[in-house]
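Please open the model in your viewer and keep the sequence beside it.

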Amino acid sequence: MSNISLKSASNKLIAGLPEVESQRLLQRCEPVELTFGSILCEAQMPLQHAYFPLSGLISLVTDSSDHKPLSVAMIGNEGVLGATLALDVSTPRLRGVVHGSGAGLRIKASRLNRLLRDSPGLQSALMRYAYVLMGQLQQTATCNSFHEVEMRLARWLLMAHDRADSEQLPLTHQFLANLLGVQRSAVTIAAGKLQRKELIGYSRGQVRILSRKGLEAASCECYGMQIRDYALQFAD
Ligand SMILES: [Zn+2]
């Protein structure tokens with residue numbers, strides 16, 4: 001368990017817990033590899049585990065028979081997949097898919113439920129994170145309805161970059177199109193604009209972030225609002 005404990009600092013939500021609660025949680029977690037494309041929870045199916053990413057990213061996606069999976073929120077090492085357990089909800093409405101490989105810690109949902117009874121700090125952190133995710137969902141609805149694809153693409157790239165270990169993101173145009181719920185051609189045009197401004201580079205399915213500041217300026221206000229939302233809930 002000692003190396004898990006060393007890694008705990010890389011999940012910000014765990015790192016922010018009172019020491020006694022974080023240790024109790026870590027003792028009940030197991031390390032897990034987050035592999036691109038793997039499904040960690042399915043919509044309308046009871047949650048088996050909660051996942052605390054240490055690196056990589058998990059998308060929450062909607063899926064139905066008449067459209068491709070649409071990404072509506074993103075979870076990285078700032079949060080947890082399974083925060084709704086603190087709201088006494090164990091059957092998620094959204095699928096959780098790994099969209100950036102990495103590592104994490106997981107705990108059985110039943111164990112976490114028991115732990116929550118005696119862990120007010122953890123309970124509070126999960127509830128606040130569930131609130132942050134609600135904000136992301138609200139932002140995504142606004143963003144998809146009112147903001148141009150170029151701005152939306154910049155926002156998603158920034159969110160992915162925040163949760164990635166490198167400047168290089170393995171994201172094909174088709175994958176980005178599915179994330180944003182638009183045609184591939186729309187992503188190609190938007191990515192081309194960002195490339196011409198020298199904010200990103202793109203080759204063979206790899207997006208390279210060249211200028212974060214430039215991307216922030218190119219993004220809609222949704223990105224900054226999410227950052228502020230998280231900071232308000234999890235200020236030191
Ligand atoms: Zn937006």
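What follows is a list of stops, each with something to select and a description of what is there.

**Before selecting anything**

This is a predicted model, in which local features need pLDDT of at least 70 and side-chain atom pairs count only at pLDDT 80 or more, while totals for chains, interfaces and linings use all residues. Residues are numbered from 1 along each chain as its sequence is written.

**Stop 1: the whole protein**

Taken along the principal axes, the C-alpha atoms fill a box of roughly 55 × 35 × 30 Å. The radius of gyration of the protein is 18 Å, which agrees with the value near 18 Å that a compact globule of 236 residues would have; this radius is taken over C-alpha atoms, and the globule rule is 2.2 Å times the number of residues to the power 0.38.

Of the 236 residues, 41% are buried. A residue is buried if 20 or more other C-beta atoms lie within 10 Å of its own, exposed if 12 or fewer, and partly exposed in between, with C-beta atoms placed from the backbone.

**Stop 2: two domains**

Colour residues 2-143 as domain 1 and residues 148-219 as domain 2, bounds that come from an automatic or database domain assignment. The C-alpha centres of domain 1 and domain 2 lie 25 Å apart. Where they meet, 11 residues of domain 1 are in contact with 11 residues of domain 2, and two residues are in contact if their C-beta atoms, placed from the backbone, lie within 7 Å. Now select strand β5 (residues 67-75), which gives five residues, the largest share of the side of domain 1 that touches domain 2.

**Stop 3**

Select helix α3 (residues 19-27), and within α3 pick out Ser22, Leu25 and Leu26, which are buried. These residues lie on the same side of α3, because they cover an arc of only 95° around the axis; the arc is that of the directions from the helix axis to the C-beta atoms. Turn to the other side of α3, where Val20 and Gln27 are exposed. An α-helix has 3.6 residues a turn, so residues three or four places apart point the same way.

**Stop 4: a sheet of three strands**

Select β8, β10 and β9, which form an open sheet in the order β8-β10-β9 with antiparallel pairing. The strands β8 (168-169) and β9 (200-203) stand at the edges, each with a single partner strand, so one side of each is left without a neighbour in the sheet. Two strands pair if DSSP finds at least two bridges between them.

Follow the pairings one at a time: four bridges join β9 to β10 (residues 206-209), and Ser203 has Gln206 in β10 as its bridge partner. Two bridges join β8 to β10, where Gln168 has Arg208 as its bridge partner. The hairpin of β9 and β10 has two residues between the strands, and Arg204 takes a positive phi near 45° there.

**Stop 5: two loop residues**

Most residues other than glycine have a negative phi, and most peptide bonds are trans. Against that background, select Gln44 in the loop between β2 (39-41) and β3 (49-53), where the phi of Gln44 is near 65°. Gln44 counts as exposed because it has 9 C-beta neighbours inside 10 Å. Then move to Glu198, in the loop between α8 (184-196) and β9, where the phi of Glu198 is near 60°, a positive value. Glu198 is also exposed, with 10 other C-beta atoms within 10 Å.

**Stop 6: a residue in helix α10**

Finish at Cys222, which is found in helix α10 (residues 222-233). Is Cys222 buried or exposed? Cys222 is buried, because 25 other C-beta atoms lie within 10 Å.
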